[in-house]
Number of protein chains: 4
Amino acid sequence: MKKIKAGIINVAGYAGVELARLLSQHPQVELVSVTGRSTAGKRLDEVFPHLTGSNLIIETELGDVDFAFSAMPHKESAAAVLPLLKRGIKVVDISADFRLKDADEYPEWYGFTHPAPQMLEQAVYGLPELYRRQITSARLVANPGCYPTGAILALAPAVKQGLVGNHAIIDSKSGISGAGRTMSLKTHFAEVNEDVAAYALEGHRHLPEIIQELNLLQPDQPASVTFVPHLIPMTRGILTTCYAPLTNRLASGKMEEAELRQIYLDFYKDESFVKVTTSPPHTKHTLGSNLCLVYPTIDKRAGRLIVISCIDNLVKGAAGQAIQNMNLMLGLPETTGLEALAVYP
Amino acid sequence: MKKIKAGIINVAGYAGVELARLLSQHPQVELVSVTGRSTAGKRLDEVFPHLTGSNLIIETELGDVDFAFSAMPHKESAAAVLPLLKRGIKVVDISADFRLKDADEYPEWYGFTHPAPQMLEQAVYGLPELYRRQITSARLVANPGCYPTGAILALAPAVKQGLVGNHAIIDSKSGISGAGRTMSLKTHFAEVNEDVAAYALEGHRHLPEIIQELNLLQPDQPASVTFVPHLIPMTRGILTTCYAPLTNRLASGKMEEAELRQIYLDFYKDESFVKVTTSPPHTKHTLGSNLCLVYPTIDKRAGRLIVISCIDNLVKGAAGQAIQNMNLMLGLPETTGLEALAVYP
Amino acid sequence: MKKIKAGIINVAGYAGVELARLLSQHPQVELVSVTGRSTAGKRLDEVFPHLTGSNLIIETELGDVDFAFSAMPHKESAAAVLPLLKRGIKVVDISADFRLKDADEYPEWYGFTHPAPQMLEQAVYGLPELYRRQITSARLVANPGCYPTGAILALAPAVKQGLVGNHAIIDSKSGISGAGRTMSLKTHFAEVNEDVAAYALEGHRHLPEIIQELNLLQPDQPASVTFVPHLIPMTRGILTTCYAPLTNRLASGKMEEAELRQIYLDFYKDESFVKVTTSPPHTKHTLGSNLCLVYPTIDKRAGRLIVISCIDNLVKGAAGQAIQNMNLMLGLPETTGLEALAVYP
Amino acid sequence: MKKIKAGIINVAGYAGVELARLLSQHPQVELVSVTGRSTAGKRLDEVFPHLTGSNLIIETELGDVDFAFSAMPHKESAAAVLPLLKRGIKVVDISADFRLKDADEYPEWYGFTHPAPQMLEQAVYGLPELYRRQITSARLVANPGCYPTGAILALAPAVKQGLVGNHAIIDSKSGISGAGRTMSLKTHFAEVNEDVAAYALEGHRHLPEIIQELNLLQPDQPASVTFVPHLIPMTRGILTTCYAPLTNRLASGKMEEAELRQIYLDFYKDESFVKVTTSPPHTKHTLGSNLCLVYPTIDKRAGRLIVISCIDNLVKGAAGQAIQNMNLMLGLPETTGLEALAVYP
């Protein structure tokens, strides 16, 4: 069978290079073109020695491809993606540029006026566990943010079932690769090693994305979400701990752990990449894999739901999910090229 | 001036050896006796080479001291402390054995019947910021747990002022030294490096301690607390993120950040070891020091209070606070021997 | 094609569980039986949640297999392997029990008398880059130690060519997983994080293995090797820096970097898993992969050869190399199941 | 007693800020002025929150001081230091600008022509263990580099005594803070965490400094030194492993460990900051302290001397040693302000 030719715009960030790694191992797709800015003209495996065996040269413009991923920063990504769509190339956009349905949110959260508001409706939010059918027929998929992936997968079954009143506190702990490959004091080893801190308390850009999706899951009640991300001294992984008051019936003690667990098992029963665990999950058990581990439990003393999720922020939180979306868009089995087990320890 | 002779029961855990380090540098106290079990008979600086210059031999029984610290595990600590008190020696107990006022909590949370319930009332909970006066005249001080220290200092001003209805979600991220020096898979480097996980979701032993103190701060409303600790890959430090719904007046937007901040500044205005910060604090800025950094803020969108605190779990969360208590009990300036700045980076 | 049935004796250490991970992804082999001691009776994916999808139960005795790996500790491994060989099962032994050709070395270095000295000659030292032909027809392969793999691959071309007089200083830096999954203070996170130390200065057990192989490569001159291993705060990876005085002709400046590099390129020209790099390699570029990166250079000022090698100690240093050996023993393409790129960052 | 007024030029790097921390705790010296470039105008404790209690404003020019430290980069440091010397202010220069006695080395190693070659002779190399007397009367002390401090203290007794023929291989493992606070991919957490690599194989700038000092210790034989530094994933600390062939008498087995050890004990018998250990030392046991731990041993099989040293690169390797030099230059007890024990774990 002839392989599908895929390309990556801006391969030089962590999401881009992780896409390159995963695509290099995909049996039905061939990575034929990658672009970069400061790295253009160099061999891909010179800039990223772990991509051994690649003979690609980093280009300034994407070559002839059947399918494209954009790993550009926000605002620039929309500009790069729109011409590709016009040429009939299907695209998964890793940036935030097509995630929000309401164009008015872009000036507020991202500081720019959206160049193609009409596309926001066409674009499908690329969380296959919620939008599989739509993704299958989409031309443009907006790959979710890393934090929203973990948070929404943790809360979706409970919110959908009305177990909680769409109020949630989301406390996320992310590895440093989530801050990108750009240099800053925030990613300097000596500054973040042996350290933990919260950031973006005034409102992280992933918040409107989380609210949008929770509102779609539970339209009866507008989501009231507090989201606090933290950086912790590890490279990969996000652990998200969600807290929500249980609605009255449940808080009164009638809901048992087993019942809650069954709701989650049912919700995710056909999913290849979401596992409901029986004990609090570890990010280490997702490192390098496309899995999301979800653990729901009840704090009976306080009448609160607690759900914990784990993902590898660069796989299920970025590049792996992008390939999952690509597989769906191309009619391939959803797990193709994503079967790798986590690397432990 | 003649130095006070101090001793440490069970020097071989991380709290014990940190006490030894800090006492070695205390100008008014001399560490004259330390005990251990498997390490008895060895030189202290052989077992712990960083304690260079010490010529103490680890003993099986405490020698002649004016003041004692117990760093024994719970249950065993009470047994070790009671005879010392009878001999008129003042004691700071690092264990949990005298922290809870209600003897009935011990069987439930710690699995043993308290051997001296009458002492629970005499013992003072050793959080100087709340109980300075009582500590000054105490013979037995129960040194708070590491998590409760960070959580209570974060919440006390708000709870006391009635800003929140004594409902709180406490999400803590602790370095691995908090799990002790005992060997277990939970502390094996390859297991916890590049990993984060929650634990004790069924109820951590520090929960009753937190509830007890919040109830004392706000007796009108019983505390409803959800507490989830996490282990993250660093050695020292606890960052605690607290979430609480603001009471109606405040949630309606009338409270400004500045007003909240002022409440915290006022509450801690005379404290040497609590600093109200103007941006989210980093555990790295407390490493090796007795400081607690506290950052209160408001999530206006959701009407919630967020307070973040940082401590070094082995200093303000254990040995440093124990020395702070000792200073008060001995009539010494509270900061004596605790002036060291944090080691950064 | 019917898959070959493989088994692992003692799956519960890091080498064993890494074998299980890699075999789970091997297209021609099915992992059908695993044994353990304290974990016997449990599901494999309960003890090791990253092995999701496995339905194996850990057994006390190996079931019906065509091929076996032993990941037992030394001395016990020989006892486990010998009966399998008698039953005609081919074996790769991860332990040291069949690595040394001279039975007299076992009492000295490993503290036991070898139970089957006659097997030491039959067993093939499983470094495919040196013994590919012999491995192909072997029934018992002794998988090399992690340090020897990195050190011998670094030095072999130079020693074979007589560039150095078989004198070498080998300074290795290993991640903590190399110390095994057994608990000890040496692997306690708080002890080894933010720390580095040398160990086994009196003579590490991998030394006789290194000497044996260097002597076979250059029989004219007995190897004089100083080997100092260090533990550094990371989970996986070994970087080995080798120093050797250049023989006179070369030290006098006649050898250029390019010539040296060409010798290495020639030596490894047909190798899938050894790459000669053009700049000092990083262990990160081997994480999770079976690659060994080798970088030879000359210190012209001092007339010394410097060669640096990197491996993932659990893959090329243990389980990956074991599978490479298995592939050869079974007549499969050598790289089958070992194509995964390193996980970066 | 009136305190001496000290200042720091360029407080914003890791050496500068560590000087500020240590000086803040010095009983006889008051830090009265600090300069910075991009941070000028800000409060010191705003840029570095761990320096709590300081009310200094970072300035562009040094104020009125009795004593100055320069933590400027090389070349710029000389330009900053020379005017201070003219004003009669004693200076410790943390940079390399006055370390090398031969002005011709500066163009080769540092890429600039030295602006004041005549000062190179006046300047004293600030290793108190070798040059205490000269430092005491010096006006300008060139503080040694971090790697040379560890390497020279490890080798000095052996080289001085002629145990080795001034041939040495020096393999150093440094924490990332050694690479400075400047941002680069080399210090990006995700790049260096879970990684180790060698660098500067073509010749590190600290090499001429090491050679200069070994030649002064053993003028009979020109030093032939191979020095390879490595970066490992920790913040602070350098472990240096030195290898040297023993001269004939010793290699023939006549030297015992005890004799070697005695030579080291004698050499350092009056030193407060060098400890000869009885087992391989850990960098963790020096974290935050001014100690250098030295462990000499013999590889009897190969006839080589091995010496391992540990320092905290920012204390004994930079700021602590600078203060030790200042104490000597000011006639203060050498250990003043440097008594802090290492922070363990």
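Analyst: We begin with the conventions and then turn to the two interfaces. This is a predicted model, in which local features need pLDDT of at least 70 and side-chain atom pairs count only at pLDDT 80 or more, while totals for chains, interfaces and linings use all residues. Residues are numbered from 1 along each chain as its sequence is written, and chains are lettered from A and ligands numbered from 1 in the order in which they are written.

User: How many residues of chain A are in contact with chain B?

Analyst: Two residues are in contact if their C-beta atoms, placed from the backbone, lie within 7 Å. On that criterion, 38 residues of chain A contact 38 residues of chain B.

User: Which element supplies the largest share of the side of chain A that touches chain B?

Analyst: Helices (H or I, at least four residues) and strands (E, at least two) are DSSP runs, numbered from the N terminus. The largest share, five residues, comes from β10(A). Among the elements of chain A that each supply at least two residues to this side are β8 (167-174), α8 (189-192) and β13 (292-299).

User: How many residues of domain 1 of chain A are in contact with domain 2 of chain A?

Analyst: Here 20 residues of domain 1 of chain A contact 20 residues of domain 2 of chain A, and α12(A) gives the most to the domain 1 side, with five residues.
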